[in-house]
Protein chains: 4
Amino acid sequence: MLRFDSDYMETAHPKILEKFVQINFEKNTSYGFDIYSDSAVKKIRKECNAENAVVKFLVGGTQTNRVAIDALIEPYEAVVCASTGHIAVHEAGAIEACGHKVIALAGDNGKLSARELEGYMKTVTADETYEHMAQPALVYISFPTEYGTVYSKEELLSLREVCNEFSLKLYIDGARLGYGLMAEGCDVDLAFLAKVTDAFYIGGTKVGAMLGEALVIPEPTKVRKIFTQIKRHGALLAKGWVAGVQFDTLFDDGLYYKLASNAVETAMYLRDGLKKLGYEFFLESPTNQQFIVLTDDKLESVKDKIGYSFWEKLGDKTVIRLATSWATEKSQVDELLEIMK
Amino acid sequence: MLRFDSDYMETAHPKILEKFVQINFEKNTSYGFDIYSDSAVKKIRKECNAENAVVKFLVGGTQTNRVAIDALIEPYEAVVCASTGHIAVHEAGAIEACGHKVIALAGDNGKLSARELEGYMKTVTADETYEHMAQPALVYISFPTEYGTVYSKEELLSLREVCNEFSLKLYIDGARLGYGLMAEGCDVDLAFLAKVTDAFYIGGTKVGAMLGEALVIPEPTKVRKIFTQIKRHGALLAKGWVAGVQFDTLFDDGLYYKLASNAVETAMYLRDGLKKLGYEFFLESPTNQQFIVLTDDKLESVKDKIGYSFWEKLGDKTVIRLATSWATEKSQVDELLEIMK
Amino acid sequence: MLRFDSDYMETAHPKILEKFVQINFEKNTSYGFDIYSDSAVKKIRKECNAENAVVKFLVGGTQTNRVAIDALIEPYEAVVCASTGHIAVHEAGAIEACGHKVIALAGDNGKLSARELEGYMKTVTADETYEHMAQPALVYISFPTEYGTVYSKEELLSLREVCNEFSLKLYIDGARLGYGLMAEGCDVDLAFLAKVTDAFYIGGTKVGAMLGEALVIPEPTKVRKIFTQIKRHGALLAKGWVAGVQFDTLFDDGLYYKLASNAVETAMYLRDGLKKLGYEFFLESPTNQQFIVLTDDKLESVKDKIGYSFWEKLGDKTVIRLATSWATEKSQVDELLEIMK
Amino acid sequence: MLRFDSDYMETAHPKILEKFVQINFEKNTSYGFDIYSDSAVKKIRKECNAENAVVKFLVGGTQTNRVAIDALIEPYEAVVCASTGHIAVHEAGAIEACGHKVIALAGDNGKLSARELEGYMKTVTADETYEHMAQPALVYISFPTEYGTVYSKEELLSLREVCNEFSLKLYIDGARLGYGLMAEGCDVDLAFLAKVTDAFYIGGTKVGAMLGEALVIPEPTKVRKIFTQIKRHGALLAKGWVAGVQFDTLFDDGLYYKLASNAVETAMYLRDGLKKLGYEFFLESPTNQQFIVLTDDKLESVKDKIGYSFWEKLGDKTVIRLATSWATEKSQVDELLEIMK
């Protein structure tokens with residue numbers, strides 16, 4: 001079967017495994033105080049143009065969201081996000097497990113607009129009973145979103161403005177960050193994200209790493225005792241270098257961007273190919289996730305030949321997601337297109 | 001000023017104060033093991049036709065909701081309610097503080113229908129990613145609702161059926177329970193609530209008591225170590241009889257119902273009077289809370305003469321709430337009607 | 001039976017009930033924004049010589065401890081207390097329920113000394129693994145302690161010094177505060193407590209009120225959004241004046257102190273009487289709780305005639321607690337002494 | 001420098017890295033539903049003689065303890081452990097973060113005896129105020145302990161008996177499980193642990209794996225919705241096979257035991273060598289952690305040549321820990337002994 005189910009099916013870029021083999025018997029200092037983590041932190045700070053940034057390596061998006069959000073706000077404060085946000089739907093209540101209410105606004109194709117956010121904040125802050133409510137202190141957005149869409153520089157600046165107006169922090173879930181940064185038409189880079197947000201993470205698990213996400217908090221005074229907090233969440237790696245080595249490799253000579261670009265390019269090739277074949281798209285995504293609308297007959301005829309993710313029913317049709325990754329080859333897309341003919 | 005702001009502005013029915021004066025220097029056993037609490041529990045069990053029911057006296061709706069919901073479900077389980085539900089809006093994230101996600105469905109005039117609940121549950125349980133979600137384990141409804149509306153026997157039975165289908169518990173927030181039970185056309189009584197729900201509470205604070213709510217869990221096996229849990233929530237009264245005496249008095253010779261009836265009757269009188277005067281109502285409420293739609297001119301002209309609760313803006317008009325209580329006198333309504341002319 | 005079980009067996013000082021009767025049908029503003037709460041806050045601020053103090057009325061010691069501690073420190077921070085501290089033993093894990101580790105040091109007769117605290121803090125902060133530990137941020141002491149003992153001004157100043165050295169907050173559980181302030185030889189008053197602590201509470205439930213504790217946070221910048229936090233804990237009184245009226249009465253013309261003095265005086269009378277009869281005391285307590293050591297024979301012979309609290313087994317003897325209260329009369333002590341002869 | 005600081009300084013046994021290289025571009029199913037995890041689970045179940053056991057792969061001891069304990073007991077229930085237990089000291093309050101009180105008994109050389117446990121449980125359950133306490137529901141022990149000591153079969157059976165008497169669950173933290181199982185004189189194996197405990201974990205991170213721990217819950221009915229709970233803790237691996245491959249390799253042909261044996265053998269060689277040199281030992285440890293007592297002069301003279309862990313001050317001497325691992329070579333011990341001469 002030709003699998004386009006997701007972007008985390010392969011293990012790791014070969015350079016990472018090579019590095020592990022090479023350093024295997026070196027004796028490293030634990031808990032992230034090793035030379036590889038140190039080097040990776042420096043590279044990421046440089047890339048973010050944030051020389052004092054707190055950079056911590058964690059494992060998995062839910063864990064990183066938990067740790068970051070819980071460190072950035074008080075336990076009695078709430079988070080605002082789009083209704084499709086990962087924390088609102090697919091994290092099994094991990095944010096609530098830390099005591100925070102998650103307030104989901106409708107959003108649009110996975111994105112939360114400054115206008116929608118401002119409307120909501122104006123309404124609640126004007127309400128006489130606001131003190132009886134869980135009060136928002138942080139806005140969570142995904143980049144790219146769960147629907148593969150990305151925010152422009154202008155959109156992020158507008159969100160930031162609303163955040164400033166209402167004393168909200170801005171946090172970006174970057175599980176697939178590379179795929180967003182390399183998206184067609186994206187005008188945003190790491191240095192900009194470090195300026196516009198209070199924290200964000202650079203996803204490794206889905207972009208070439210075996211596992212690992214790099215949480216970036218550009219302004220270190222925004223959090224206290226982050227090491228202890230990470231430990232308390234059960235998120236501290238005894239062998240910190242296992243993540244450190246990976247990010248050190250990914251941010252060596254732009255490997256992270258190259259891997260991300262491969263996914264975007266093969267996705268665009270797939271998209272164009274399917275469009276030529278007349279397929280209907282659920283929405284326009286400039287990233288590695290493509291959402292197509294299939295009749296049940298069509299789905300039935302291909303479902304044993306290709307791996308995909310079911311997304312949702314749309315009347316009598318079905319939306320499926322096809323995802324490319326850093327490891328996808330153009331020839332695999334050609335095979336897919338052949339099957340989909 | 002003529003105050004119709006809410007139903008908890010007076011202190012307590014005189015019989016309660018008299019009782020306190022009478023027993024003031026008696027030495028009572030603490031933590032609810034006194035004779036008054038014991039007597040109150042027996043009366044409530046009898047009224048509920050649930051002789052083994054756990055009955056606990058707490059203070060305040062948010063506290064009671066916290067304790068009850070947290071005792072009924074596991075920390076990783078979620079609660080479903082209408083978007084207007086008190087726990088969803090006005091409890092400052094108290095349920096999330098215990099780790100539970102609160103899932104708000106739209107609802108209709110404050111009510112959650114069996115159909116809407118079933119639709120939601122069918123969708124999520126059919127979703128392949130359901131195990132990644134915070135899974136509902138309890139349905140929260142208010143009786144009467146935050147909009148003064150009430151559920152019929154049939155509606156509650158339908159909700160129960162859906163709950164059974166999806167292994168959900170059913171819990172009723174009865175902050176104003178008396179006003180619902182005595183509502184025009186209500187076909188529900190305490191014994192029925194004890195049969196149809198897993199737990200509910202009989203609100204005292206808003207229905208004649210100085211303070212206190214009686215949490216009723218008809219089937220005692222549904223909760224474990226409830227005494228210890230109440231203590232852990234900071235909700236255990238050292239002087240349990242302070243609540244016990246009140247419920248013992250309220251459930252003596254039907255006082256609770258009489259007090260509730262007074263509020264409903266004066267509210268219906270108010271409603272009819274305002275209708276005659278041509279006022280528009282936001283919705284039909286058969287209970288002590290009445291929601292009327294006023295032009296800004298009208299509101300301006302009366303706002304210094306009457307006390308009311310702002311509810312919401314409705315285009316260029318305003319919805320206000322007028323509430324009667326166990327202590328409202330018909331003559332006060334007459335005065336109000338005079339002002340509103 | 002002659003009951004000396006505890007100091008919370010009577011309902012309330014008659015002046016409080018009289019006041020309730022008097023204002024019963026007044027319509028009050030809710031959530032603590034009423035005139036009685038306002039007046040009580042002003043009186044307490046004055047008594048504490050802390051004109052900007054946050055003063056909030058809550059119900060019960062466990063609730064007040066939960067709210068105060070959780071508001072004063074971060075969720076990942078720990079509390080240090082004596083092993084006999086109420087939060088360490090008898091609050092069903094209420095502090096841990098908010099995520100905080102409770103670290104119990106041995107203490108001495110219920111008291112925590114500056115020396116013991118400093119020794120502990122020096123050890124842990126010098127430990128290389130300190131960042132892996134739950135780090136103390138607040139010291140909890142009781143005044144008087146669970147064993148009836150009190151701290152002197154000098155002892156409190158020493159504790160404060162250690163707190164300053166290690167950036168710890170100092171919090172006093174004052175469930176029986178009055179009985180400590182009026183203790184023989186006590187050189188501490190409310191104004192001093194307001195200076196030496198970050199927060200403390202003035203217990204009402206055990207000192208003349210029907211229920212209610214006044215949480216005092218002398219420096220308002222020490223907490224944020226305390227109203228919302230109180231609500232989230234389920235601790236906000238809809239009828240705030242129910243507590244307000246009580247503290248307004250207790251702090252009218254020094255009633256609180258007079259009531260406390262009565263308990264201390266009758267306790268000293270009881271102590272002296274029992275000493276004359278040759279009874280052994282478990283420790284010296286200058287407050288309303290007296291701990292005596294009885295042989296099993298003696299205990300057997302009086303246990304049906306007097307109410308007491310079992311404290312602990314001491315070899316083949318038993319320690320019991322006898323407590324006087326604001327309502328205890330000298331003649332009741334005389335009766336007790338007669339029985340104990 | 002010759003490093004004996006800890007047993008988690010090398011990356012992974014070469015067979016594990018080889019396997020990763022070999023399967024690198026295979027497309028695996030996510031969240032643990034891959035063929036390697038499946039194979040690893042089967043091998044572990046077989047080794048445990050528990051064919052229905054829930055086996056889940058997590059990352060790190062703190063995370064595994066959090067997930068396991070929180071899944072096994074109710075949020076209001078407490079955990080009992082030795083005062084040296086990892087959860088009591090070095091997990092930054094991770095267990096309290098889930099709401100559970102951790103009750104630390106003294107213990108002896110890291111071990112908790114049935115006698116001490118029984119004594120504690122008898123005292124608290126006999127206390128009239130037991131319902132006001134956080135009540136123990138689970139006993140946590142480490143195998144081997146933080147001091148390298150191990151429990152015998154008989155000791156574990158005695159603990160189990162006390163657990164049964166008081167309805168406590170028994171849980172083993174097996175961060176270094178292999179080193180315990182292969183200890184000199186150990187009469188315990190995985191199948192016995194699966195019988196005597198309610199849950200335990202097989203540590204991989206410190207015993208040959210790059211990272212990963214295998215949580216084993218022999219009787220699946222002991223936990224509900226464990227997948228969702230793991231996700232909520234932020235502990236679900238998107239690429240489950242990253243852990244699966246490792247345990248599949250470790251439990252292939254007894255590799256786990258061989259690696260553990262190497263650490264124990266080199267530790268015994270180190271111990272015997274140091275004893276011959278006249279060194280004092282802090283306690284007798286039959287496992288890979290050895291604790292020796294050094295004068296300050298001696299410590300000063302070797303501290304730049306060898307890596308060790310500071311353990312504690314002992315009067316004017318110092319206790320240090322030297323740890324061997326699966327990767328330690330005899331020649332490295334020879335070098336150490338040479339330096340220590």
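The model is predicted. Strand β3(A) covers residues 77-82, and β5(A) covers residues 135-142. The two strands pair in the parallel sense. Five bridges join them. Strand β3(A) also pairs with strand β4(A), residues 102-105. This pairing, too, is parallel, and it runs over four bridges. Here A:A82 has A:L105 as its bridge partner. Six of the six residues of β3(A) are buried, so the strand is largely enclosed by the rest of the structure. In a regular strand, side chains alternate between the two faces of the sheet.

Chain A is assigned two domains. Domain 1 is made of two segments, 2-7 and 255-340. Domain 2 spans 14-250. The C-alpha centres of the two domains lie 27 Å apart. Their contact draws 18 residues from domain 1 of chain A and 21 residues from domain 2 of chain A. On the domain 1 side, two elements give two or more residues: α11 (255-276) and β10 (289-295) of chain A. The largest share of that side comes from α11(A), with nine residues. By class, the domain 1 side holds twelve nonpolar residues, five polar and one charged.

The contact between chains A and D comes next. In it, 42 residues of chain A meet 42 residues of chain D. On the side of chain A, the elements giving two or more residues are α1 (14-23), α3 (61-72) and α9 (226-232). Helix α1(A) gives the most, with five residues. The side of chain A that touches chain D has 21 nonpolar, 13 polar and eight charged residues. Two copies of a chain are related by a rotation about an axis and a shift along it. For chain A and chain D, the turn is 180° and the shift along the axis is 0.0 Å.

Eleven residues of chain D are in contact with eleven residues of chain B. Helix α9 of chain D, residues 226-232, gives the most to the chain D side, with five residues. By class, that side divides into three nonpolar, four polar and four charged residues. A rotation of 180° superposes chain D on chain B. The shift along the axis is 0.0 Å, and the RMSD is 0.0 Å. The two copies are thus related as by a two-fold rotation axis. The same surface serves both copies, as 100% of the contact residues of chain D recur in chain B.

How values were computed. Residues numbered from 1 in each chain as written. Chains lettered and ligands numbered in written order. Predicted model: local features only at pLDDT ≥ 70, side-chain atom pairs only at ≥ 80, totals over all residues. Least-squares fit on C-alpha atoms with pLDDT ≥ 70 in both. Contact = placed C-beta atoms within 7 Å. Nonpolar A, V, L, I, M, F, W, Y, C, P; charged D, E, K, R; others polar. Domains from an automatic or database assignment. Buried ≥ 20, exposed ≤ 12 C-beta atoms within 10 Å, placed from the backbone. Pairing = 2+ DSSP bridges.
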